[in-house]
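I am opening a notebook on a structure that is new to me.

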Amino acid sequence: SDHMENIYGYLMKYTNLVTGWQYRFFVLNNEAGLLEYFVNEQSRHLKPRGTLQLAGAVISPSDEDSHTFTVNAASGEQYKLRATDAKERQHWVSRLQICTQHHTEAIGKNNPPLKSRSFSLASQGSANSPGVQRRPSQNAVSFFSVGHHRLPAGRRVPVMQPDHLVDVREMMSQAEGQQRDLIRSIECLPVSGHLTSLDQDLLMLKATSMATMNCLNDCFHILQLQHASQQKGSLPAGTTISWLEPKISLTNHFKNGAAQNFPAEINKPASVREEQSVSEPCQLTREPEEINPDEELEDICDDKEDDLGAVEEQRSVILHLLSQLKLGMDLTRVVLPTFILEKRSLLEMYADFMSHPDLFIAITNGTTPEERMIRFVEYYLTSFHEGRKGAIAKKPYNPIIGETFHCSWRMPKSEVATDVGSNFSAHSPSEQVTLSKNLEGQTELDYYTVKFVAEQVSHHPPVSGFYAECVERKMCVNAHVWTKSKFLGMSIGVTMVGEGLLSLLEHGEEYTFSLPCAYARSILTVPWVELGGKVNINCAKTGYSASINFHTKPFYGGKLHRVTGEVKQNATNTVVCRVQGEWNSVLEFTYSNGETKYVDLTKLSVTRKRVRPLEKQGPFESRRLWQHVTESLRDGDIDKATEHKRALEERQRNEERLRAETETPWCTKYFLKEGDGWVYHKPLWKTVSAAQTRQMDTN
């Protein structure tokens, strides 16, 4: 009873991206089972600004920080709240959960379940029938009657015997059929009117019913395993127990909301017809193209991804998508809604990791193997911050097979560090832009050029290859990455499978490295990006290695975006450098001589990449390929962007189908398959070696 007292106090409430967080006075009314809020304490005697029914609600501490939590009502309404500290959050969460449990159980006692399970949808009648007209006081769930079996009080649950599995499977099959009918009934509803197929309550019902069936399938599989272990001695050799998969067809459910009817070909914009009419890539020239850096101009695009408006407006579409997904499902073949996309291709995102070419070139300037390994770690850890365009998690375009991206950077030689104490440029971003403009009048001897090329070499699985080189400093990096996306409930995880190789030809050293996993968290509220996992950097020749841990935030407490690591000499197991901090904020490097260096990534100068104008790009270069999607997103026309994106994806599917029918292998343009990886067709280590051989022959 002590815990059922009313509590009140100020909390911060998130309204929207424009208004942001605002202080509001909240009152937990335990007797009524309500959470109410007012503008301030003085207005408490007035009508509440907002009220949530707590019966059936879910109270969730957020994984963003130790202060935030959400209250998700059964009606679908959500409050995102923030306390002053972790202790106050725990106080509110505990009291809210107790109140929620009390009133949820009270409803259960007052509304006994039906004797048999049934699913009935009132909307199956005529659209003009009174049953379809939705009263203001009704929510969508009230149209359904869902009964559950309940054991009499005091009756013990019998131990499940193996021969009962057949009966259980039959009951589950019936439940799956009823759930399938439920989803079909919901999707047959009109798209407008009092009760629609995109009603948030109905979408939530679809999501929870799917999750329930998935959970039952997993439980049944556990019973299968127990049965198998009990009968292990009697099972014939080679017998396997299969996993049960959801029987609900997922076809056509991954579009924006319900299946869309696009206009006829004659009504399509000319740009879409052009996208669909581009011929088969293998029929275009697949010969590698030498890009002249002099044709490239400094990039003026600055598409920051801080706009959440479309995500807020399209939350029902996200709920619809989530209702079709299963935990752990591979999202490679899932067509995600257009409004969550960044305005750039994944291939260009890889290029943006190279936005500090001064740090990249400075690696080879290290005078000792130890110094060069430390410089590589410093460059590696500073690359991820600029790779993200804004704090909000959005997804870059999935490159289509054969897509390429080219760019370069020019770096004044005077700006490249030569000693370990001056690795980081002190120029501000505005000074750096001025510096880049001054480069136009410099001679070739005054700056280094770093060239970059990326290509989508495979569609299934989705594999990208990218390569960068600085010929003047005889250094290059080659990498291939397979992006594996998985649905994790309220987040999406992306595993970056692959390996990179940095070659410092002046020193005869090769450094292998891997990439961390990425996570899009809180996809139903304010999505944000987190990196996680352990990566390793190794140089076999020198015996130096680095181990770096990207820490995901723990459930309670802890900091966001934390990273730790160390560089050591393998032969002696001596640690020569330690690093800690946040990969998108401040990093602290501590060296073996006791010196410490702090790097504020938000103030680190960024060199703009140079890209050819659209009119000089080939039809399969990223910016020209996706230009109509990008323009539509900039204009805020989501429907038009979706149409252009769909045209590109449909063309890719048709081309893939044609190659399969004709047994025609795909021809890559810049990268060659070597073992399990992909290597640039003309890497610097081959051209330098060939030049040295020719010079020796001449001598």
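I am reading a predicted model, where local features need pLDDT of at least 70, side-chain atom pairs count only at pLDDT 80 or more, and totals for chains, interfaces and linings use all residues. Residues are numbered from 1 along each chain as its sequence is written, and side-chain values use heavy atoms, with hydrogens and water left out.

**Entry: the whole chain**

I looked up the overall make-up. The chain has 14 helices and 26 strands. Both are DSSP runs numbered from the N terminus: helices are H or I with at least four residues, strands are E with at least two. Of the 699 residues, 48% are buried. I then turned to contacts, meaning heavy atoms within 4.5 Å. Among contacts between residues at least 6 apart in sequence, 63% join residues at least 24 apart.

**Entry: His67**

Where does His67 sit? I found His67 in the loop between strand E5 (58–61) and strand E6 (68–72). His67 has 27% relative accessibility, so it counts as partly exposed. I listed its contacts, leaving out residues up to four places away in sequence: Leu81, Arg82, Ala83, Thr84, Asp85, Ala86 and Arg89. For Ala86 I also noted a distance.

**Entry: Leu96**

Leu96 belongs to helix H1 (residues 86–110). Buried or exposed, I asked of Leu96? Leu96 is buried, because its relative accessibility is 0%. Beyond residues up to four places away in sequence, Leu96 touches Leu28, Leu35, Leu54, Ile59, Phe69 and Val71. I also checked Ile7: it is 89 residues from Leu96 in sequence, and 9.6 Å away in space, C-alpha to C-alpha.

**Entry: His561**

I found His561 in the loop between strand E19 (544–551) and strand E20 (562–569). His561 is buried, at a relative accessible area of 11%. Again without residues up to four places away, its contacts are Trp528, Val529, Glu530, Gly581, Glu582, Trp583 and Asn584.

**Entry: cysteines**

How many disulfides are there? I used the rule that a disulfide is a pair of cysteine sulfur atoms within 2.5 Å. The count by this rule is zero. I looked up two cysteines as well. Cys99 is buried, with 0% relative accessible area. Cys667 is partly exposed, at 35%.

I took helix H12 (residues 627–634) next. Six of its eight residues are buried: Gln627, His628, Val629, Thr630, Ser632 and Leu633. After H12 comes Gly636, with a positive phi near 75 degrees.

Then I looked at H12 against helix H13 (residues 638–662): their axes come within 8 Å and cross at roughly 165 degrees. Axes are lines fitted to C-alpha atoms, for helices over the stretch in contact, and angles run from 0 to 180 degrees between N-to-C directions. H12 and H13 are therefore roughly antiparallel, a label for angles over 145 degrees.

Which residues meet? From H12 I noted His628, Val629, Ser632 and Leu633, and from H13 Ile638, Lys640, Ala641, His644, Lys645 and Leu648.

Conventions
Angles under 35 degrees count as roughly parallel, over 145 as roughly antiparallel, 65 to 115 as roughly perpendicular and the rest as oblique. Buried means under 20% relative accessible area, exposed over 50%, partly exposed in between (1.4 Å probe, protein chains only).
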